[in-house]
Amino acid sequence: MAFADNRQFIEAMKKTGDVVCIKKEVDWDLEAGAIARYSNEKNGPAVLFEKLKDYPPGFRLFSSALANFRRVAIAMGLPPEISFQDLLKEYDKRLQKPFKPVVVKDAPCKDVVVEGKDVDLFDFPTPMIHEGDGGRYIGTWHILVTKDPDTKWSNWGMYRVMLYDKKRMVGMLSPEQHGPAVLWEKYAPMKKPMPFALAIGADPISSYVAGAFFGRGEEESGFAGALRKQPVELVKCHTNDLHVPAHSEIIIEGEIHPDKPLMEGPFGEFPGYSASPRRTWPMYKVNAITYRHDPIMTMCSVGFPTDDVHIVAALGKTHLYKKMLKENGVPFTDLFVPPSGTGLLVIVSIDPPHANVASRIGRVLMTGRIPHFVIVVDGDVDVYNMEAVMHAISTKCHPIRGITTHDHDIGSPLAPFYTHEERKLGIGAKAVFDCTFPVEWGIEKTPKKVNFIKGYPGSVQDKVLKNWKSYGFK
Amino acid sequence: MQKEYEIYVDNVAELPLDRETELEIRSLSPGKYKYEIKRVKAVLSASPKASQGDLLKLRLSLGEATSKVLGIKIVKELS
Ligand SMILES: Cc1cc2nc3c(=O)[nH]c(=O)nc-3n(C[C@H](O)[C@H](O)[C@H](O)COP(=O)(O)O)c2cc1C
Ligand SMILES: [Mn+2]
């Protein structure tokens, strides 16, 4: 049985030692963020804060749900020790067939209903996550539900949301993302606000899919069902016709006004810096809040790897980029988006079928803002082994001819190496590092690798391995 | 009691002093409403004591705190 909610997920993690439940009062103002950050940086457990300063008992905060692959495995009902490769294999398999969600009438997320003038966003222990953040971020591990008014496509996305005042929020809504695309392309020209529902504390997989990468027009709810191997239960919102996961902890309903900007940011971001300049984004006007008794707010204490963003990127983008290469008929051996690259970098291994294939791979993968770096290595390099990848970069990438740069491109406003101006505009450059020897060098001119496998005849390797212990090794 | 507020600026010299200005500030008063944002009409002064009002701290736009503190007298809260 899949976890219906974070409560069941937390119970399961108590048994495997993957969550720490803090009973001592913790300050929502920086202390909770710092605790979760320190745990993330040590590959430590998820954290349930059971008592927050200034808030009544029962109002809790859950952090770092999926900040390592172990917890993703647990959330998918797999053994926690599973290797990344096996996890990915199961992930790819489950995603082949979406499970349509089911709509239910009654839902725990409606235990308490607050509307109109009674709405007060400060009633929940929304954390101040990092020093210097532009505000308290209520949306860092949540689902933004929106709907295309024409096609009725219902999208789930995860885009950061900051508290402004008691009834208003503001959040980044980059036009290429699915929810924001509908806002800018459909609602803004009609001069109408877009209804939204922000579901906080849905089951771990539903939250995961909101932050992961699917196609335009595809519904994340179906992929959540597929990954859980059980359909997600949805319930209609209290004040609009959007549907949210029934077992979410808190539902915030209202409209996003494209013509009413508020200042947002800065924020400690996933590349590990506070880099994207403070600027205006549309206002979220809140009309109603519904929540479960003793609600559990969620947080991702974003920053230096490894946290939930890097794990979602590693799994979600490894899956996506493999699909993109296959769809474009580009042969490759393996591919990995390492969490330490924060999602800005991808490593692809190939057995070069022709000259300049690395550049072709780069063009297929770099159509969006991200990735900024595509590292192409030979098929004998293990893309999961960063020592081997560093060796390939250092020994096979020509400092000029091996690097193809793409200037005048779009880029991530969060990329710390861009100028302040470039980050403001979301423009920049990208690069492909070709760490394969040119195919035209042929066998005569290609340096020969010297390691145990390539440097000795098979018969000698066999002999050494067979006699290893008898030489005196353990 | 003297209240504390905070404002984000691109550089510390940009704020006009000694005349009414519209500003977006956030409250630093302890409690559950800390960091609520307000738009206000206010008069700033270089010397916090002289303003007989509250304090305004300055933070740079990427989040770095500055040591600069101004006096702020809120004339009116805007919505
Ligand atoms: C914890 C977390 C925070 C994220 N924050 C943002 C954000 O602030 N802005 C953004 O554009 N994408 C953000 N993302 C990435 C998007 O959620 C991701 O691109 C996802 O595909 C968006 O859904 P969509 O493809 O339906 O637009 C975040 C992802 C995670 C896991
Ligand atoms: Mn989508």
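A residue counts as buried when its relative accessible area is under 20%, as exposed when it is over 50%, and as partly exposed in between, with a 1.4 Å probe and protein chains only. By this rule A:K186 is partly exposed, with a relative accessible area of 23%. The structure is a predicted model, in which local features need pLDDT of at least 70 and side-chain atom pairs count only at pLDDT 80 or more, while totals for chains, interfaces and linings use all residues. Residues are numbered from 1 along each chain as its sequence is written, chains are lettered from A and ligands numbered from 1 in the order in which they are written, and side-chain values use heavy atoms, with hydrogens and water left out.

Side chains of opposite charge can pair when their charged atoms come close. Here a salt bridge is a side-chain nitrogen of Lys or Arg within 4 Å of a carboxyl oxygen of Asp or Glu. Over all chains, the count by this rule is 38 salt bridges. One of them joins A:K186 to A:D148, with the closest N and O atoms 3.0 Å apart. A:K186 belongs to helix α5 (residues 178–190) of chain A, and A:D148 to the loop between β7 (142–147) and β8 (154–157) of chain A, so the pair ties together parts that are 38 residues apart in sequence. A:D148 is buried, at a relative accessible area of 6%. The names of such elements follow DSSP runs, numbered from the N terminus: helices are H or I runs of at least four residues, and strands are E runs of at least two.

A second salt bridge is formed by the side chains of A:K53 and A:D27, at 3.8 Å from N to O. This pair also links distant parts of the chain, 26 residues apart: A:K53 is in the loop between β2 (46–49) and β3 (60–63) of chain A, and A:D27 in the loop between β1 (19–22) and α2 (31–41) of chain A. A:K53 is partly exposed, at 33% relative accessibility.

Another pair lies within one helix. A:K93 and A:E90 form a salt bridge whose closest N and O atoms are 3.9 Å apart. The two residues are three apart in helix α4 (residues 84–94) of chain A, which means that about one helical turn separates them. A:K93 is exposed at 53% relative accessibility, whereas A:E90 is buried at 17%. Salt bridges can also join into a network, as they do for A:D5, A:R7, A:E249 and A:R292.

The strands come next. Two strands pair if DSSP finds at least two bridges between them. One open sheet has three strands in the order β4-β12-β13 (chain A), with mixed pairing. At its edges stand β4 (102–103) and β13 (243–245) of chain A, each with a single partner strand, so one side of each has no neighbour in the sheet. β4(A) runs parallel to strand β12 (residues 233–236) of chain A, and two bridges join them. A:V103 has A:L234 of β12(A) as its bridge partner.

A second open sheet has five strands in the order β17-β18-β19-β21-β20 (chain A), and its pairing is mixed too. Its edges are β17 (334–336) and β20 (403–410) of chain A, each with a single partner strand, so one side of each is left without a neighbour in the sheet. Within this sheet, strand β18 (residues 345–350) of chain A and strand β19 (residues 373–378) of chain A run parallel and are joined by six bridges. A:I347 stands opposite A:I375 in β19(A).

Further pairings involve other strands. Strand β14 (residues 250–264) of chain A pairs antiparallel with strand β11 (residues 194–200) of chain A over seven bridges, and A:F196 stands opposite A:G254 in β14(A). β14(A) also pairs antiparallel with strand β15 (residues 279–291) of chain A, over twelve bridges. There A:P261 has A:P282 of β15(A) as its bridge partner.
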